[in-house]
Amino acid sequence: MEAEWLLLALRGALKLWLCELWLLLLGSGVNAHFLPHEEDVDFINEYVGLHNELRGDVYPGGSNLRFMTWDVALSRTARAWGKKCVFKRNTHLEDIQMSHPVFNGIGENMWVGPENEFTASIAIRSWFEERKIYNFENDNCSGNCSHYVQLVWDKSYKVGCAVTPCPRIGNIVHAALFICNYAPGGTLTRRPYQEGVFCTRCGIRDKCTDRLCSNADRDQATYYQFWYPSWEDPRPVVCNPVCVFILLLRIVCFLLSVLIVTIVQPQFPNILLERQMVFTPEGSERRKKTLQTQTKEVEKEGEQEIGEEQEEGKSSEEEEEEEKEEDVSET
């Protein structure tokens, strides 16, 4: 009975542990996929569509506001700055090619709040609510209207946003930092748009779309495949055309090396059989001794050859003298 009771207790504990593990994994998976990626199509359509909707509903009505389309470089800049998890303005927006490969003077709007309460609609509509403290006629604001001014800036026609999860920003734990970048960016030096009937001050080649000035060439999406902010940390691993060329060049050089070795090696079949030369102190001393003995033998051989030559010379001289004496005796 005790064994059966113990077995049942172990089974119950195992089931409880597995249930807790499943809930933990489920909760972590929900949190990991709660915030959308900056290139998620539904996310992009949501915030771009909302931008155009609110820009078309300004009061007083705008006669020259442009239609907005998505820009991947602006969204990457928003993501890169969001990684820092600081609720401060991006310090690279005015630098050339630091926030966009084409545009300079990038605009920016930021929102921070609890991660589980974030939606693009909540953040963007909170910026639009600043219109209540903005006086269009006098062009002044009783508080901070910079988000609203940028949102309805007439010259802006490109937007890119990103949301980043942060452990803590200020007093907010598990925060979501939502950033939108705009090109061209807005300023606080004038009214954000010209008052009038919508689309009455559009460009010559523009057409009216949702009360906004659209242009097929201007609104065309450009995907900057190999551009990322140089100050992003950690920087994404990207292989641009130069990188691809160098990689292919290395592969070609490797294959050529293999081919050359394959061709040349049969000409030297015993090259792999040669003994590897190992230099050790004992070996060097032995070689010195052998060299010394060889030099001594060579010297002895040289001395012997010289002695033999001298003896041969002497014998030849004696023979010549004997021949001379014989000639004298004959005469």
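In this predicted model, the charged end of Arg-76 sits over the ring of Tyr-228, at 4.2 Å from the ring centre. The points below cover the aromatic pairs and the nonpolar cores.

**Aromatic pairs**
- The count of aromatic pairs comes to 11.
- Tyr-134 and Phe-136 form an edge-to-face pair because their ring planes stand at 80°, where over 60 degrees counts as edge-to-face; their ring centres are 6.5 Å apart.
- Tyr-134 and Phe-136 are both buried.
- A cluster linked by ring pairs takes in Phe-43, Tyr-47, Trp-111, Phe-118, Trp-127 and Phe-178.

**Largest nonpolar core**
- Nonpolar side chains tend to be buried together in soluble globular proteins.
- The largest nonpolar core here holds 38 residues, and Tyr-47, Phe-118, Ile-124 and Phe-178 have the most contacts inside it.
- At least two residues of this core come from each of helix 2 (41–56), helix 3 (72–82), helix 4 (120–128), helix 5 (146–151), strand 5 (158–169) and strand 6 (172–183).
- Helix 2 contributes the most to this core, with 6 residues.

**Second core**
- A separate core of 12 residues includes Ala-78, Cys-85, Met-110 and Leu-177.

**Contacts of Phe-178**
- Leaving out residues up to four places away in sequence, Phe-178 touches residues including Phe-43, Trp-111, Phe-118 and Trp-127, which also belong to the ring-pair cluster.
- Other contacts of Phe-178 include Asn-109, Met-110, Ala-120, Ala-123, Ile-124, Cys-161, Ala-162 and Val-163.

Key. Residues are numbered from 1 along each chain as its sequence is written. This is a predicted model: local features need pLDDT of at least 70, side-chain atom pairs count only at pLDDT 80 or more; totals for chains, interfaces and linings use all residues. Side-chain values use heavy atoms; hydrogens and water are left out. Rings of Phe, Tyr and Trp (its six-membered ring) pair if their centres lie within 6.5 Å; planes under 30 degrees apart count as stacked, over 60 as edge-to-face and the rest as tilted. Buried means under 20% relative accessible area, exposed over 50%, partly exposed in between (1.4 Å probe, protein chains only). A charge sits over a ring if NZ of Lys or CZ of Arg is within 6 Å of the ring centre and within 35 degrees of the ring normal. A nonpolar core is a set of buried Ala, Val, Leu, Ile, Met, Phe, Trp, Tyr and Cys residues joined through side-chain atoms within 4.5 Å. Helices (H or I, at least four residues) and strands (E, at least two) are DSSP runs, numbered from the N terminus. Contact means heavy atoms within 4.5 Å.
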